Amino acid sequence: GTPQKYDPTFKGPIYDRGCTDIICCVLLVLAIVGYVVVGIVAWTHGDPRKVIYPTDSRGQFCGQQGTPNEYRSQLRDARLHPGKAPVCGVPAEGACAFTHKHPPNSLCPLLPTQICVSKCPDRYLTYLGAYSSRTPGELEYYRQFCVPEFKNPQKAPIEVLKDKECPAMIIPSTPLARRCFPAIRAKKGVIMIGNETTYDDGRGHRRNVTELLEGAKKANVVLETRQLAMKIFEDYTVSWYWIIIGLVIAMVASLIFIVLLRFLAGIMVWVMIVMVILVLGYGIFHCYLEYAKLKGEAGSDVSLKDLGFQTDLRVYLHLRQTWLAFMIILCIVEVVIILLLIFLRKRILIAITLIKEASRAIGHIMMSLLFPLCTFFLLCLCIAYWASTAVFLSTSNEAIYKVFNETACQFSGQTCKPETFNTSNVTKLCPDAQCLFAFYGGETAYHKYLIVFQFFNVFMFFWLANFVIALGQVTLAGAFASYYWAFKKPDDMPAFPLFSAFGRALRYHTGSLAFGSLILAIVQVIRVTLEYLDHKLKAADNKFAKFLLSCLKCCFWCLEKFIKFLNRNAYIMIAIYGTNFCTSARNAFFLLMRNIIRVAVLDKVTDFLFFLGKLLIVGSVGILAFFFFTQRIKLIQDTAPPLNYYWVPILTVIVGSYLIAHGFFSVYGMCVDTLFLCFLEDLERNDGSAEKPYFMSPDLKKLLKKTNKGQPDA
């Protein structure tokens, strides 16, 4: 590309600008309108209760008002209490259990399969035992585990079991997520339910409780997880204010670090460089000592070629040739680094000076440090809308009922309606047939396009999330560009640079931001699709397909990184010049390519400083939290709250400190990138004459040995 030419009217971010990429702006508005329509349709058809509340074999929610299950809020699933070892595991939205008579995935009758109960059973009991028991209230207790329509306790047990009105047996169960799971526990390595290792299946047979283990082991994992979650919640209730104090300390430390970069950036960078050189030098010296020590030892002179490949890598450390190779490699690296320092020392100094200048810019625009909170809030809205829409879409299916029967019947497995089933011909031809809830589905046009709506939901989430991030980047770039292009800093800066930049971005460049975020969203959706396909092909043996998929994943990962880099710099040019996205991306790319070495040096120097800053802040706050919550600070030992797991608040403080430090440094990184592009533009546009003075800081002019002729430095 051609360098930028001098423009006498350019004095920083252009205020007299027009709207850019209007077509993309219109597309974004239409897409948002469509997204709202999809959300409304999903909220109209969806029912999140299908996820939260269990459903009995009739498709009715347990505990739902206005139904026979109003006072039965727990679900007893017969698939976890069969007479044969269960096959299907934890409760799902299916309709039947699997016994030895019926293979998995078949429509099998073992009823009542799923019954809503007021509470889970707490004892072993069979219906026959309860019916013949002389204990008062035994049969009345058992009735609560029968279907709501069961009203005749005097009915013969054989008829009750034949009509599937009550289960043959019940076992001690534990409520979890409104479902009853066998209360399995291990005592001295023996699996037990309650205090028994066997149970009566209600059909005259004693069975081992291990037959129930497969059906409930996942439930026990969830139960243990719930107990762990309760303890973690207790820890949060007694330590939340100390966690907030730790996060405040992290915020103050991040702010102090950014301020100190103005004074310590150069020292930290050069100390890092010297440390790298010294470490490499010690590595060379250590390799030489090992090489000399192995001289004359038996077997040490065997060549790597003769030894061949060995699974025990320690064998290679006994060869002189190994240490010689290490020493040569380290020497080459050392020489390369020293040569780079000699030839790139000036560019390293420029990077350090720009980092110091970024600290000054943030000092004049302190509100920029709080702006990520706005971006975070908007991202939370995007996530909340996407998640709620996804839940409503996934619960938009209707209850499907199927015909279940034990004897041969031509209508078995066919769809039916419970309201008209008893008056249909099915009950006449198949007296034992029942119309029961099978699963959630649907055959309407809406249900056929549910997968399309889900895909659109994911795509819009990526588009809107990237748009919010782009809006934040353009706003910060506009504010920091107004600082750089102020000839007398900060006197020539606008009164509210951050709010002015935010207004310009929304008013003029919504289309450009939509364009850039759309491109990135398309790539991200493709990556998600590839990850989904990779998950589906894990069990496949097609090695070529796996190889091709891995190559595509790698290529699109690289493409996403490149587009993010290009978009970031394009947004800076949009904030400064008000050009459309394509023009801004092209100008930014060519400008960076004309200064590729400076770009590489600045990128690595800033990456190091940000890594050092995050490590310092997170490490310091994390260590302080560790000593405090483990009561190792004697002065405040009694102040620390009692905890179940001391790692809960410590990890929370560490993760929160990282997010806070990342938020501060993201602003700092945007500031450095903006000032760098402005600096490159300044060098190409101006020459220091009275007509074309430099806008860079005095430190940069001094470093580059440039002056503004006829004018005092700002």
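**Exercise 1.** Which side chain meets that of Lys564 in a salt bridge, and at what N to O distance?

*Solution.* The model is a predicted one, and the distances are computed from it. Step 1: the criterion requires a side-chain nitrogen of Lys or Arg within 4 Å of a carboxyl oxygen of Asp or Glu. Step 2: the partner of Lys564 is Glu560, with a distance of 3.5 Å from N to O. Step 3: both residues belong to helix α16, where they are four residues apart, about one turn of the helix. Step 4: buried means under 20% relative accessible area. Glu560, at 8%, is therefore buried, whereas Lys564, at 37%, is partly exposed.

**Exercise 2.** Identify the helices joined by the salt bridge between Lys553 and Glu531, and classify the exposure of each residue.

*Solution.* Step 1: the side chains of Lys553 and Glu531 form a salt bridge of 3.7 Å, N to O. Step 2: this pair links distant parts of the chain, since Lys553 is in helix α16 (residues 543-577) and Glu531 is in helix α15 (residues 510-536), 22 residues apart. Step 3: Lys553 has a relative accessible area of 22% and is partly exposed; Glu531, with 37%, is also partly exposed.

**Exercise 3.** Determine which parts of the chain are linked by the pair Asp673 and Arg568.

*Solution.* Step 1: a salt bridge of 2.7 Å, N to O, is found between the side chains of Asp673 and Arg568. Step 2: the pair connects distant parts of the chain, with Asp673 in helix α19 (residues 647-685) and Arg568 in helix α16, 105 residues apart. Step 3: Asp673 is partly exposed at 24% relative accessible area, and Arg568 is partly exposed at 21%.

**Exercise 4.** How many salt bridges does the rule give, and which residues are linked in a network?

*Solution.* Step 1: the count by this rule is 14 salt bridges. Step 2: Asp122, Arg123 and Glu138 are linked in a network of such bridges.

**Exercise 5.** Which residues gather in a patch of positive charge on the surface, and where is Lys705 found?

*Solution.* Step 1: the patch consists of Arg345, Lys346, Arg347 and Lys705. Step 2: Lys705 is located in the segment after α20 (698-704). Step 3: membership of a patch requires over 30% relative accessible area and no salt bridge. Lys705, at 75%, is exposed.

Terms used: Residues numbered from 1 in each chain as written. Predicted model: local features only at pLDDT ≥ 70, side-chain atom pairs only at ≥ 80, totals over all residues. Heavy atoms only, no water. Patch = residues over 30% accessible without salt bridge, like charges linked within 9 Å, V, L, I, M, F, W, Y side chains within 5 Å. Areas by Shrake-Rupley, 256 points an atom, 1.4 Å probe, with all protein chains shown as cover. Lys, Arg positive; Asp, Glu negative; His and termini not counted. Charge placed at Lys NZ, Arg CZ, Asp CG, Glu CD. Helix = DSSP H or I, 4+ residues; strand = E, 2+ residues; numbered from the N terminus. Buried < 20%, exposed > 50% of the residue type's maximum accessible area, 1.4 Å probe, protein only.
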